[in-house]
Amino acid sequence: MTKSAAANIRPIHEHGANVLYQHGTLAQLVPGLLEGTTTIGDLLTHGDTGIGTGEGLDGELIILDGVAYKIGQSGVAEILPDDFTVPFASVHRAAFQYQCERADIGLEDLNRKIVEANGRANTFFAVIMRGTFSFIKTRAVIKQQAPYPTLEQVADQQAMFLGHDVKGTMLGYFSPLMFNGAAVAGFHEHFLADDRSIGGHVLDAVLERGDILSQVFDTLVQHLPVDNPEYRSHDFSNDPIAEAIAKAE
Ligand SMILES: [Zn+2]
């Protein structure tokens, strides 16, 4: 990973490509505030690329090129309609810049090297990896019904998927440590196979060969469901936010 090229990637201000838009906040999921408070249609007005989850933790969402997909219990991706509701999602307008090409590298190593190379540990940025993954391990949380359980209660209710020699796209957002709670500190990555046969929240991967592109944000727009009754009345003072996020994500 060439340090100089990666370090030169800066926010692009045309078309609002410097803005990361987030609806809801990860900490809301901890006590089970899982009602869908925005829609895919609305999210798509703020970006053409993103990740999130559906109402009641209904699947793992990935938005690529303006199309929203859900990976549910089957592990197979389906395209979502505009009225599908969402409690938590991050989206942005894609203007990725080429960072490097990598071969035969595990996810943990890759993520660490990306941050090292771009020197952006205190900056929100997105990374997209397109290529062949010799190994991919993903999960999808099982959809919950109201009254919703806490995030810790659903942490073990998930379907796991394994893929080998899969062509696809991994999209991740990096959040600075000081924003843990608003998002997962570090990387949060979702995957979609080109043939949509596998996808979800990425637990592990090995990139056989692929291009890595990144996009740096200088602005976070944090939109909150201010008129949702549960959100308005919830008392967060006793919720174990950092512990639950560390355990579930
Ligand atoms: Zn996820």
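Helix α4 covers residues 107–118, twelve residues in total. From its first C-alpha to its last it reaches 17 Å, close to the 16 Å expected at 1.5 Å a residue. The model described here is predicted.

**Helix α4**

- The buried residues of α4 are L107, L110, I114, A117 and N118.
- Just after α4 comes G119, which takes a positive phi of about 60 degrees.

**The chain as a whole**

- The protein chain contains seven helices and 14 strands.
- Its C-alpha trace spans about 50 × 35 × 35 Å along the principal axes.
- A compact globule of 249 residues would have a radius of gyration near 18 Å, and the 17 Å of the protein chain agrees with this.
- Of the 249 residues, 43% count as buried.
- Among contacts in the protein chain with a separation of 6 or more, 79% come from residues 24 or more positions apart.

**The nonpolar core**

- The largest nonpolar core has 65 residues, and L29, A89, F125, V127 and A205 touch the most other members.
- Strand β10 (residues 125–141) gives the most to this core, with nine residues.
- What does F125 contact, leaving aside its neighbours within four places in sequence? Its partners are R120, F174, S214, Q215, V216 and F217.

**Helix α7**

- In helix α7 (residues 241–248), the buried residues are A244, I245 and A248.
- Seen down the axis of α7, these residues fall within an arc of 100 degrees, so they line one face of the helix.
- On the other side of α7, E243, A246 and K247 are exposed.
- The cover over the buried residues of α7 includes α2 (26–29) and α5 (151–154).

- Strand β3 (residues 49–53) is mostly covered, with five of its five residues buried.
- Both faces of β3 are covered: T49, I51 and T53 are buried on one side, and G50 and G52 are buried on the other.
- β3 runs antiparallel to strand β8 (residues 88–92), and five bridges join the two.
- In β4, I62 is the bridge partner of I51.
- The hairpin of β3 and β4 has six residues between the strands, and in it G56 takes a positive phi near 70 degrees.

**Backbone details in the loops**

- As background, most residues other than glycine have a negative phi, and most peptide bonds are trans.
- H15 has a phi near 55 degrees, a positive value in a residue other than glycine.
- H15 is found in the loop between α1 (3–7) and β1 (19–23).
- Is H15 buried or exposed? H15 counts as exposed because it has 10 C-beta neighbours inside 10 Å, and the cut-off for exposed is 12 or fewer.
- R196 is not a glycine either, and its phi is positive at about 60 degrees.
- The loop that holds R196 lies between β12 (186–193) and β13 (199–216).
- R196 counts as partly exposed, with 14 C-beta neighbours inside 10 Å.
- A cis peptide bond joins A146 and P147, with omega about 0 degrees.
- P147 has its place in the loop between β10 and α5.

- F179 lies in the loop between β11 (158–175) and β12.
- With 17 other C-beta atoms within 10 Å, F179 is partly exposed.
- F179 and F124 are 55 residues apart along the chain, and their C-alpha atoms are separated by 9.5 Å.

Definitions and conventions: Residues numbered from 1 in each chain as written. Predicted model: local features only at pLDDT ≥ 70, side-chain atom pairs only at ≥ 80, totals over all residues. Helix = DSSP H or I, 4+ residues; strand = E, 2+ residues; numbered from the N terminus. Rg over C-alpha atoms; globule rule 2.2 N^0.38 Å. Buried ≥ 20, exposed ≤ 12 C-beta atoms within 10 Å, placed from the backbone. Contact = placed C-beta atoms within 7 Å. Expected span 1.5 Å × (residues − 1). Core = buried A, V, L, I, M, F, W, Y, C linked by C-beta atoms within 7 Å. Arc of directions from axis to C-beta. Pairing = 2+ DSSP bridges.
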